[in-house]
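Please keep the sequence and the three-dimensional view open while reading.

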Amino acid sequence: MEEFLAAHWLDMLTTALGLAYIILEYHASIWLWAVGFAMQSLGIVLYYQKGLYADCGMEFYYLAMTVYGYFNWMRKKSPSSQGEKSESTPITSWLSRPHSLREGLGVGILTLIAWAALYAFLVTCTDSRVPLADSFTTALSFVGIWALARKYLEQWFIWIVVDVVTCCLYFYKDIPFKASLYALYVVIAIFGYRKWRRMMKNDSPQPA
């Protein structure tokens, strides 16, 4: 038992933080950024130990986006449905923004470029045994955390794809607790999308 805990304690701790993180994200609570900062800091160590170098490097980007997301959510941008200033940015739809299709195409191209670049790096500069999956989830996560920081409803779709692939990858890499967490993430993401959509409708200005 002690040997098992010694081998998996970091996996277990980041899993617990990850569960708290997704629950806070589900409720659109700004505290998710504080929990995320702790989880990502520990994740750097865990992923490096497991040879998931792209995921390890991704955590540094996550840390920067955590700071950005916190301050972006703190900004008072629009009135709430009660006519008072809201305490954070409202949930919005990426697809409802002007030029969203053109922006989406640009983001898609950048994601493919990032995927290819990360794959080439992992193949040529590391001993990674899962370069294709590791680089894919990392590249797509660049978009996911940015969309979360902007509080876009569609960020849930991105995370569903990332979570499914990551779940399989982590079971393969013997990180069972976090793998199980990502399986749970898929379910929570589906319900999270539905909850955020209701919240977005409630925050929308009501006709006079």
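Glycine 108 lies in helix H4, where helices (H or I, at least four residues) and strands (E, at least two) are DSSP runs numbered from the N terminus. The structure is a predicted model, in which local features need pLDDT of at least 70, side-chain atom pairs count only at pLDDT 80 or more, and totals for chains, interfaces and linings use all residues. Residues are numbered from 1 along each chain as its sequence is written, and side-chain values use heavy atoms, with hydrogens and water left out.

Glycine 108 is partly exposed, with a relative accessible area of 30%; on this scale buried means under 20% relative accessible area, exposed over 50%, and partly exposed in between, with a 1.4 Å probe and protein chains only.

**A pocket and a cavity**

Glycine 108 and leucine 140 are both among the residues that line the second largest pocket, together with others including Trp94, Ser100, Val143 and Ile158. The elements that give two or more residues to this lining are helix H4 (100-125) and helix H5 (131-149), and H4 gives the most, with 6 residues.

What separates a pocket from a cavity? On a 1 Å grid over the protein atoms alone, a cavity is a set of points where a 1.4 Å probe fits but cannot get out, whereas a pocket is an open set with protein on both sides within 12 Å along at least five of seven lines; lining residues have an atom within 4 Å of a point. Grid points are joined across faces, edges and corners, and a volume is the space filled by probe spheres set on the points.

The structure holds 1 cavity of 30 Å³ or more. Of the 22 residues that line this largest cavity, the closest to its centre are Tyr62, Ser141, Trp159, Tyr182 and Tyr185. H1, H2, H3, H5, H6 and H7 each supply at least two residues of the lining, and the largest share, 5 residues, comes from H6.

The table sets out the volume and the lining of each space; Ala, Val, Leu, Ile, Met, Phe, Trp, Tyr, Cys and Pro count as nonpolar, Asp, Glu, Lys and Arg as charged, and the others, Gly among them, as polar.

| Space | Volume | Lining by class |
|---|---|---|
| Second largest pocket | about 160 Å³ | 7 nonpolar, 4 polar and no charged residues |
| Largest cavity | about 330 Å³ | 12 nonpolar, 5 polar and 5 charged residues |

**The nonpolar core**

In soluble globular proteins, nonpolar side chains tend to be buried together. A nonpolar core is here a set of buried Ala, Val, Leu, Ile, Met, Phe, Trp, Tyr and Cys residues joined through side-chain atoms within 4.5 Å. The largest such core has 47 residues, and those with the most contacts inside it are Ile145, Leu148, Tyr170 and Trp196. Helix H1 (2-26), helix H2 (32-50), helix H3 (53-74), H5, helix H6 (155-172) and helix H7 (176-203) each supply at least two residues of this core, with H7 giving the most, 9 residues.

Leucine 148 touches Tyr21, Glu25, Leu32, Trp33, Trp73, Gln155, Trp159 and Trp196, not counting residues up to four places away in sequence; contact means heavy atoms within 4.5 Å.

Threonine 137 lies in helix H5 and is buried, with a relative accessible area of 3%. Its side chain reaches the backbone oxygen of aspartate 134 at 3.2 Å. Leaving aside neighbours within four places in sequence, threonine 137 is in contact with Asp55, Val162, Val165 and Thr166.

Most residues other than glycine have a negative phi. Alanine 28, however, has a positive phi of about 55 degrees and is found in the loop between H1 and H2, where it counts as buried at 13% relative accessibility. Lysine 151 has a positive phi of about 65 degrees; this residue is found in the loop between H5 and H6 and counts as buried at 4% relative accessibility.

**The whole chain**

How many helices and strands are there in the chain? There are 7 helices and 0 strands, and buried residues make up 43% of the 208 residues. Among the contacts with a separation of 6 or more, residues 24 or more positions apart account for 66%.

Notes:
Polar contact = N/O pair within 3.5 Å; in protein donor to acceptor, adjacent residues only side chain to side chain.
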